[in-house]
Every structure is written in structure tokens, then in C-alpha cells.
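The exercises below are meant to be worked with the structure in view. Try each task before reading its solution.

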Amino acid sequence: MTLSAFLFQAINGLSTASGLFFIAAGLSLIFGVTRIVNIAHGSLYMLGTYIAYSLAMKIGGAVGFWGGIVLTALIVGAIGALIEVVLLRRIYRAPELFQLLATFALVLVINDATLWLWGPEDLLGPRAPGLAGAVEIFGRRLPSYDLFLIVIAPAALIVLHFALAKTRFGRLMRAATQDREMVGALGVNQAVLFTSVFALGAMLAGLGGALQVAREPANLATDLAVIGDAFVVVVVGGMGSISGAYLAAIIIAEVKALCIAIGVVDLGFMSVNFSKFTLVAEFIVMAIVLIARPYGLLGKPQGNVRSVAEPENPIRPATPMLKMLGAVILVLLLALPLMAQTSPYLLVLGTDVLIAVIFATSLHFIMGPGGMHSFGHAAYFGLGAYGAALLMKLAGLPMLAALLAAPLVALIGALLFGWFAVRLSGVYLAMLTLAFAQIVWALVFQWEGFTGGSNGVIGVWPAAPFDKSGAYFLLALACAVAAILLLRRFLFAPFGYAMRAGRDSPLRAEAIGIDVKRIHWLGFAIAGCVCGIAGGLFAFAKGSISPEAISVTRSIDGLVMVLLGGIQTLVGPVVGASVYAVLQDTVMRQTEYWRALLGVIILVLVLAFPQGIAGALSSLTRKLGRKSGGAA
Amino acid sequence: MRAQAYLYSLAFVLAAGLSVPAFAQDTIKIGELNSYKAQPAFLDPYKKGMDLALEEINSKGGVNGKKLELIIRDDGGNPGEAVRVAEELVTREGVVALSGTFLSNIGLAVANFAGQKKVFFLASEPLTDKITWAEGNKYTYRLRATTYMQTAMLMPAAIAAHAKRWALVYPNYEYGQSAVATFKEMIKKAQPDVEFVTEQATPLGKLDAGAVAQAIDDAKPDAIFNVLFGGDLAKFVREGNTRGVFKNRTVVSLLSGEPEYLDPLGAETPVGWTVTGYPWDKIKTPEHVAFLTAYQKKYSDYPRLGSIVGYTTIKSLAAGLAKTKALDADSMVEAFKGLYVQSPFGPFQYRASDHQATMGAYVGKLALEKGKGTMDDFKYVDGASVLPSDAEVAKLRPAGAN
């Protein structure tokens with residue numbers, strides 16, 4: 001590898017960084033001001049590519065291409081404004097993170113809408129008029145469009161920087177990023193500010209997507225492919241810092257270009273293909289940056305958001321009514337294998353629901369009472385599942401022993417990752433957990449000889465008597481009940497109070513002698529350990545396990561379940577997981593456009609129950625109790 | 001009040017979904033599961049192909065006097081859900097056979113499920129050799145020409161290039177990895193002095209095209225073996241063309257001649273690549289013309305390779321069912337042994353030895369006509385001609401898989 005080749009790859013990296021920058025900048029602005037984790041940002045980017053493609057093809061020529069890109073940015077910006085006004089504005093008063101659920105539903109809806117409008121085939125746009133060729137640098141040909149991209153991103157950065165620094169709108173935005181309640185108290189119209197910020201962020205995403213039209217085809221998988229990268233860039237750069245986003249985009253793009261340039265290296269005893277590291281490079285960078293600099297490269301500690309949601313009620317032991325209800329449900333579930341003679345599928349679905357319940361309850365344990373929003377809970381699910389499957393396949397452990405080992409494997413992982421994660425807070429903690437999950441995923445994916453690579457481990461079926469779906473269901477039920485009761489017990493023990501004290505007021509908790517980090521670390525480990533049970537059950541229920549079980553999608557599923565049920569109640573995750581699992585199973589059968597249907601149902605639920613389903617029910621019963629004069 | 005109304009409607013939806021459908025006895029039910037949402041470019045035409053075959057079969061009175069009924073499910077694009085959907089099709093819908101799946105890991109998980117629960121499964125599209133070889137089982141058959149077969153079909157062109165320095169580029173998962181492993185093994189056997197100057201394993205769907213194309217160019221290969229497909233292929237081709245990576249180099253490429261992946265390239269189509277694919281407008285055999293006419297009449301659209309696979313999947317199942325008359329899985333397994341099927345690509349057979357269909361593929365060179373990509377100078381390679389012998393595959397399959 002010559003020096004000129006390396007330098008040239010560095011230039012390639014710069015043009016890739018431009019694409020990353022646009023989507024990350026928008027995401028960063030939106031998060032900074034509105035504190036919304038906008039998962040639909042990738043969808044807006046994807047829409048940008050599709051709309052720019054259509055404009056370029058319909059109008060044609062330089063006007064269609066260049067004019068189309070500008071027009072696309074405006075259209076996507078308008079869509080963003082629409083989303084904010086129609087949907088998000090209604091749920092700003094919901095508990096923290098709840099808006100994530102709405103944007104997740106939007107991902108589903110936008111993807112199906114795009115499929116319906118543009119069809120399933122990839123659409124490769126025209127080359128850029130005027131920049132179709134290549135220029136020669138270091139004796140190599142660089143597409144002139146790449147050169148344009150290399151210039152346009154810093155240009156946009158400078159414009160944004162000055163807009164933020166010098167204009168009134170920019171000052172308001174920076175003020176809102178620091179303390180949005182204060183901005184509101186000073187008489188600034190928050191509604192308009194939020195709408196315009198969201199529109200601006202969406203516009204940048206649309207522009208970023210539109211600029212790619214000359215480089216890559218419009219493709220329906222883009223939305224989820226870019227959103228992960230975008231979050232990484234934002235977090236590495238520091239939330240709310242535009243310059244940080246650009247710096248981070250460059251670092252990540254350069255690291256990847258370097259991996260590709262190095263290629264296969266023979267180390268004597270083994271040969272390493274560095275191009276495979278592009279799978280996980282950005283997450284390794286993120287983990288290193290977050291461990292070394294907890295607020296990203298150029299970020300500052302986040303200002304406290306005084307929650308606009310209703311304050312959380314203290315948790316109370318279950319009322320006699322809830323206990324009764326729980327007992328009735330338990331009896332019904334115990335009788336399910338008898339009732340399911342005519343429809344054995346109920347047991348299969350039931351087992352899946354129970355696995356989801358364990359998964360969601362363990363996540364809720366750290367998200368709700370622990371206040372640690374884990375975006376990578378799938379890691380412990382996967383560790384449990386792979387642990388059980390591999391111990392049975394390779395070590396020849398009997399099934400029940402392997403199942404018992406699942407939570408231990410997950411515990412080890414959670415102890416290790418948790419130690420780093422609890423040193424951060426808020427969205428940085430969330431992203432570090434995501435990075436760890438991605439690293440676990442990549443490790444499992446790459447280590448073919450041990451984990452089976454992308455195929456995973458197959459042929460892990462339960463031993464008799466659990467090979468019958470009825471018996472397996474009862475096993476899952478026993479695990480679920482044990483897991484839920486165990487986690488509840490922790491919450492009502494002094495440990496649980498200490499964990500919540502650490503969440504609500506770390507300073508005061510430290511002052512009265514609670515080692516907050518240690519308590520949170522243990523909480524994190526307990527949650528991971530219990531999640532491992534779900535993973536182990538999953539592996540044996542499906543007879544196989546593959547890297548999808550650790551993917552971001554599963555982590556997001558967990559968040560969706562917890563938020564859907566209601567993060568502020570203890571039965572929330574149980575309700576949320578049950579509803580989501582059954583809903584997904586049912587909806588997938590109803591229509592070809594099941595994703596859109598699922599998205600719409602979630603949106604309806606989001607608007608109807610801004611505190612989650614269980615949250616809404618419990619506040620309803622409280623109100624009724626108050627009305628009838630009973631003690632609440 | 002409002003919340004309650006939502007709850008009621010939700011309960012209603014759930015109840016409707018859980019209720020057990022009435023079993024109709026005058027039809028034979030087939031359960032088809034696939035990643036329709038995750039891989040729409042291939043599976044949308046696939047579904048059309050299935051519907052066409054179903055219509056043809058049922059308009060002629062069905063199979064053994066019973067109509068075929070197809071129950072289609074999305075597998076959610078991941079193995080865990082696929083296995084649940086498979087269980088739902090078997091236990092709740094009472095299907096006699098399963099078919100479908102696209103990605104290798106999902107195909108393997110469902111095949112393993114079929115083996116465990118003794119359900120007949122025809123894996124239509126997944127290409128991994130493991131389904132029929134290392135992880136093969138009694139209850140699983142596979143239609144599509146495998147990674148091994150398609151790579152073997154390209155070998156004559158690869159060897160004829162007499163290239164010493166090869167660059168390899170492939171998506172970093174089972175399909176890409178096994179294609180490259182097979183390719184390396186075969187070319188080393190034919191040409192022991194061959195050298196692999198770079199190996200680019202790219203994340204599926206997230207190819208960094210500029211850097212990868214450049215790294216290949218910098219390695220100064222004589223020839224390139226490409227396994228990328230879909231959006232990754234389009235990106236790679238555009239960057240490669242602009243940077244002159246393919247100039248004066250032999251390129252041998254898997255699947256790139258399939259309309260699903262070739263059509264999006266349009267005027268960018270890299271002329272001269274040797275590919276496997278499906279030149280739908282140029283195959284003039286009577287079987288194919290009949291299929292093409294029927295397809296275009298029904299959909300006023302041209303078929304993609306997915307259409308052929310979907311169509312032939314249903315035709316295969318119908319042929320198997322007609323041969324056995326009995327509807328249990330073991331009879332189906334017996335019926336498929338050596339089963340002859342008429343397809344738009346001509347007749348082929350399901351081998352008794354490894355449960356692999358001998359349906360072949362078209363191998364030819366990419367060409368550009370009127371701004372669109374097509375194949376030139378192509379021929380049909382029968383799958384049987386590239387598959388290892390029965391004795392050899394017996395060693396590859398686990399004991400008791402037959």
C-alpha cells in the first residue's frame with residue numbers, strides 16, 4: 001500500500017463523511033432542542049433520495065437534478081413540520097422518551113408508504129449534470145461529484161454555524177438547547193420554535209438523502225441503515241454540536257476508509273481481513289470516545305430538562321385487587337395447555353409473549369426505576385441465547401443446565417458493559433449500551449468458527465418433556481413469573497429504593513451515603529441477567545439462534561414494549577410486551593401492508609395513552625377512586 | 001371514554017386474530033413464508049409468479065380433484081419470527097407443506113424446524129449449500145440453484161480469463177462468504193499459481209462504494225470476482241465505472257444478470273461482465289415463451305427471476321402432490337425423490353441423493369441495448385451438470401438425512 005493510495009482513500013472518506021454529516025446535523029439539532037430521539041430521521045433521509053430521484057427523472061436535465069435537490073429539501077422540511085404539528089406536539093407532555101415510540105411508528109408507516117408509491121425495485125438516479133465524470137488526483141480518478149460533496153458539507157457547516165451564532169432564531173435555538181423551560185418562561189413561542197427546528201432538521205435529512213441520488217439507488221432499506229450511523233455521529237461529536245457532528249463524521253468515515261484500504265493483512269500466524277471491521281468500526285469508535293469523553297468530542301454536559309410530564313407516583317405494593325387479578329391471569333395461563341387442545345398455536349404464541357414479557361420487564365427495571373435508558377438490551381438477550389445454545393451444542397450440556405447457564409452468561413456481559421455504562425447518563429448512556437450491543441453483535445457475526453456467523457446456531461431443541469409445546473409453555477410461564485416477582489422484590493427492597501434515589505437525585509443520594517454508581521451497576525447487571533433467561537428460552541423455543549437476536553431492531557422492540565405499556569408503572573412492561581407481541585403476530589397476517597397497519601395502531605395508542613396503556617389505566621382507576629371517595 | 005373505545009376495538013382486533021378459522025376440506029393448503037417486506041424487489045415478482053401458477057393449476061381442476069390453496073405469510077425478515085410463522089401455518093392453518101424463505105439463515109432455521117417437527121419444506125430461494133448438504137435433513141428440499149452451483153457455472157469463464165491476480169468483493173454474510181470460499185477452491189484447483197490480491201468483505205446493504213472500488217483498483221488485479229447484489233451492486237458499479245476500475249479487467253459476477261438487480265443499473269450496466277442471470281426477453285424455448293405470454297397477459301409487466309422461482313415452487317409442489325396422493329409429510333418426501341417438474345427453464349429433477357433441484361441458470365455476458373442492461377451470448381447451464389455426484393454428496397450430508 002503506497003502513501004498516495006492512503007491519501008486518496010482519505011479523500012474518499014471525506015466525501016462519505018459529507019453524507020453522514022447532513023443526516024447527523026439534522027438529528028443533532030432536533031434532539032438538542034426538543035429532546036426527541038427521532039428514529040424516523042432515517043426515513044426522512046430515504047424520502048429525500050426517492051423524491052430527488054422522481055424530480056430528476058420527471059423534469060430531467062440540470063434543472064431537474066439540481067433544482068430537484070433544492071426542492072426535495074424543502075418538501076422533506078415541510079413533511080417534518082407536518083409531523084411535528086400533527087403528531088409530536090400532542091405528546092410533548094408524555095414521560096421522557098415516549099416520543100421515540102411515535103417516531104418508531106412513523107418509520108413503519110413511511111416505509112410502507114414509500115413501497116406503495118415507488119414500488120419495490122431499487123431506483124438508480126442519473127449522474128449529476130455537469131459533474132458526471134472524474135478528476136485525476138495522485139494518478140487516480142476521483143468522481144467530480146465526490147469533490148462537490150467534499151466542499152458542500154463544510155459550506156453547509158459554516159452557514160449553519162453562523163445562523164446559530166448570529167441570528168435571533170439561532171440564539172433562541174441555542175438557548176432552548178440549554179434550558180427550554182426558561183426560554184418558554186421568557187415569552188418565546190415554543191410551539192413555533194419546535195416546529196421550525198424540526199422542519200430544519202428534516203430539511204437537512206432530506207437534503208442529505210437527495211445529494212446521494214447521484215451516488216446510490218433509492219432503496220427501501222436505507223431508513224434503518226443510516227439511522228444507526230447518524231446516531232453514532234451525533235453522539236461521538238457531542239449532542240447538539242454541529243461542528244462536533246462534522247468532526248465525528250470525518251473520523252468515522254476515515255476509519256472505515258482506512259479499514260477498506262488496508263484489506264487483508266497476513267500476521268504470520270493468522271490473516272486478518274480489515275474490510276470486515278467496517279461492520280462495527282463506528283461503534284468501536286463510539287465506545288472509545290464515550291469512555292474517554294463522556295459527552296462526545298465537542299459536547300457539553302446536557303442541561304437538566306425539568307420534566308414537563310406529570311410527576312411519577314411513588315411505587316406502591318400491589319393492591320389486593322391487582323393481586324387478585326394477577327392470580328386469576330396466572331390460573332388462566334396455567335390452564336391454557338388444557339384449553340389449547342383445539343388450537344395448539346395459542347401455546348406457541350403464548351410462549352413468545354412470555355419471552356417478550358421477561359425481556360421487557362428486565363429492560364423496564366433499569367429504564368424506569370433505574371433511569372438508565374438502555375438502547376442495547378438485546379445484547380443480554382443474545383448473550384443468554386447464544387450462551388445456552390453453544391453450551392448445549394459444543395459443551396454437550398443438557399437442556400435445563402444450558403437454560404440455567406443463560407442468565408449467567410448474560411450476567412457476565414452486563415457486569416462488564418454496565419461498569420462502563422453507569423458512568424454516563426441520559427442519551428450518552430443509551431448510546432454506549434447500543435455500542436456494546438453492536439460490538440457483541442459483530443463479534444457473534446464474525447466469529448464463524450464458534451458462533452456459526454450469520455447462520456447462527458441451529459438445531460437447539462428442548463429435551464423431553466419440554467419438546468411438547470404445552471410443557472414448554474409452562475416452563476416459560478414459571479420463568480416469567482419468577483423473573484417478574486424477583487425484579488419486584490428487588491424494587492421493594494432497600495436496594496430498589498436506593499436505585500430510585502440515585503435516579504431522582506444523584507447528589508442527595510450520594511450525600512446520604514449511597515454509592516449510586518455501584519447500585520446502578522448492580523441494577524444493570526440484574527436486568528441483564530434476567531434478560532438472559534428470555535434469551536435462553538427463545539433459543540430453545542425456536543430451535544435456532546442467529547445474530548438477528550442481538551440486532552438493533554430487537555433492542556428497539558424492547559423500548560417499544562416498555563413505552564407502550566407505560567414506563568412509570570410496574571405492570572407496564574407486562575402489558576406492553578403482551579400487547580405488542582400479540583399485535584405484531586395478528587397484524588402480520590392481516591394485510592400485505594402490515595408494517596403501515598402496525599405503525600398506525602401504535603400511533604393511535606400513542607395518542608390515546610400518552611402515559612402508556614398501563615399508565616393510563618392506573619391513572620383512570622385513581623381518578624375513579626377519588627371520585628367515589630375511596631382511598632387511592 | 002375515548003380510551004375505553006380504543007381498548008374495546010383493540011380487544012376486538014385481537015379476538016378476531018386469535019379465533020380459529022374453519023377448516024375447509026376441499027382444498028389442499030400450502031403454507032408459504034417469506035421476507036416480503038425485507039426483500040421486496042425479489043419477492044414481489046415471486047408472489048406474482050406463485051399466483052400465476054396457482055391460477056393455472058386450479059383452473060384445470062387443481063390436484064387430485066382438490067384445489068390448491070396458498071396461505072402466504074411474512075416471516076418478518078428474521079429466523080425467530082419465521083419459525084413462529086411456520087408453526088402457525090402448521091398448527092393453526094393445517095398446511096400440508098411449507099415453502100419459501102429468502103435469506104440463508106432464515107432458510108436454515110425453517111429447514112431445521114421442518115426436520116425437527118417432521119413437516120415437508122420446499123426451500124425456494126435461499127442459496128446456501130448447507131440447506132441441502134452440511135445441515136440437510138429428510139424433510140427439506142430446495143429449488144434454487146445453490147451458491148456452489150452458480151459459482152461452478154461461472155468457472156469456465158473465470159478459468160478462460162487466465163488471470164493470475166484476482167480481487168474478490170462480496171457481502172459479508174453466509175451467501176457471500178460461501179460463494180468466495182467455493183470460488184477460491186475451484187480456481188486454485190484449475191490454476192494453482194493464482195493469487196488473491198484483495199478481498200473486500202462489505203456489510204450487506206451498507207457498502208462504502210467509493211473506497212471499496214478504489215481499494216480494488218489499487219490492488220491492480222487482472223480480474224474481479226463479484227458477489228454483491230441489489231443496492232450494493234448499483235453503488236459499486238457506478239463508482240467503478242466513474243473510477244475506471246473495470247477497464248481492461250475480466251469481471252465474473254454472481255446473480256448480476258437477474259432483472260431484479262440488472263434493471264436498476266440502466267445505462268450504467270457494465271458491459272462484458274460474465275454473469276448468471278435471466279435474460280427474460282431473449283429466451284425463445286417453447287416452455288419459456290408460454291410462461292412469458294401468460295405472465296405478461298396477467299400482469300402487463302415482464303417477469304423477473306423471482307417470478308420464475310415463485311412459479312416453479314408452486315408447480316413443484318403440485319407435481320409432488322399429484323404423485324403421492326397422500327398428504328402426509330413422509331409421502332411427500334418420497335414423492336419428491338427424483339420428481340420431474342416442467343419449468344419455464346425446461347424440465348428438471350429433484351435429486352433423491354441431496355434433495356437439490358437440478359434447475360439451472362443462464363450464464364452470459366452483460367450487454368447494453370437501448371440504454372438498458374441485458375444479457376448477450378448466453379446459454380442455459382443445467383444444474384445437474386455442475387452438481388457433485390450422488391456418492392460425493394452422501395459424504396456431505398449428515399447421517400440419517402435421507
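A crossing of two helices is called left-handed if the near helix is turned anticlockwise from the far one by less than a right angle, and right-handed if it is turned clockwise. The model used here is a predicted one.

**Exercise 1.** Describe how helix α15 of chain A passes helix α16 of chain A.

*Solution.* Begin with the geometry: the axes of α15(A), residues 399–421, and α16(A), residues 426–446, come within 10 Å and cross at roughly 145 degrees. Next, apply the definition, by which the crossing is right-handed. Then list the residues that make the contact, which on α15(A) are Gly413(A), Phe417(A), Phe420(A) and Ala421(A), and on α16(A) are Leu429(A), Leu432(A), Thr433(A), Phe436(A) and Val440(A). Finally, sort these residues by kind, which gives seven nonpolar, two polar and no charged.

**Exercise 2.** Determine which element gives the largest share of the side of chain A that touches chain B.

*Solution.* Start from the totals, with 66 residues of chain A in contact with 63 residues of chain B. Among the elements of chain A that give two or more residues are α1 (3–34), β2 (140–143) and α24 (594–608). The largest share, seven residues, comes from α1(A). By kind, this side of chain A divides into 31 nonpolar, 21 polar and 14 charged residues.

**Exercise 3.** Decide whether helix α4 of chain B is mostly covered or mostly open.

*Solution.* First, note that α4(B) spans residues 104–117 and has 14 residues. Counting the buried ones gives 12 of 14, so by the cut-off of 20 or more other C-beta atoms within 10 Å, the helix α4(B) is mostly covered. Among the buried residues are Ile106(B), Leu108(B) and Phe113(B). After the helix comes Lys118(B), whose phi is positive, near 55 degrees.

Key: Residues numbered from 1 in each chain as written. Chains lettered and ligands numbered in written order. Predicted model: local features only at pLDDT ≥ 70, side-chain atom pairs only at ≥ 80, totals over all residues. Axes fitted to C-alpha atoms, helices over the stretch in contact; angles between N-to-C directions. Helix = DSSP H or I, 4+ residues; strand = E, 2+ residues; numbered from the N terminus. Contact = placed C-beta atoms within 7 Å. Nonpolar A, V, L, I, M, F, W, Y, C, P; charged D, E, K, R; others polar. Expected span 1.5 Å × (residues − 1).
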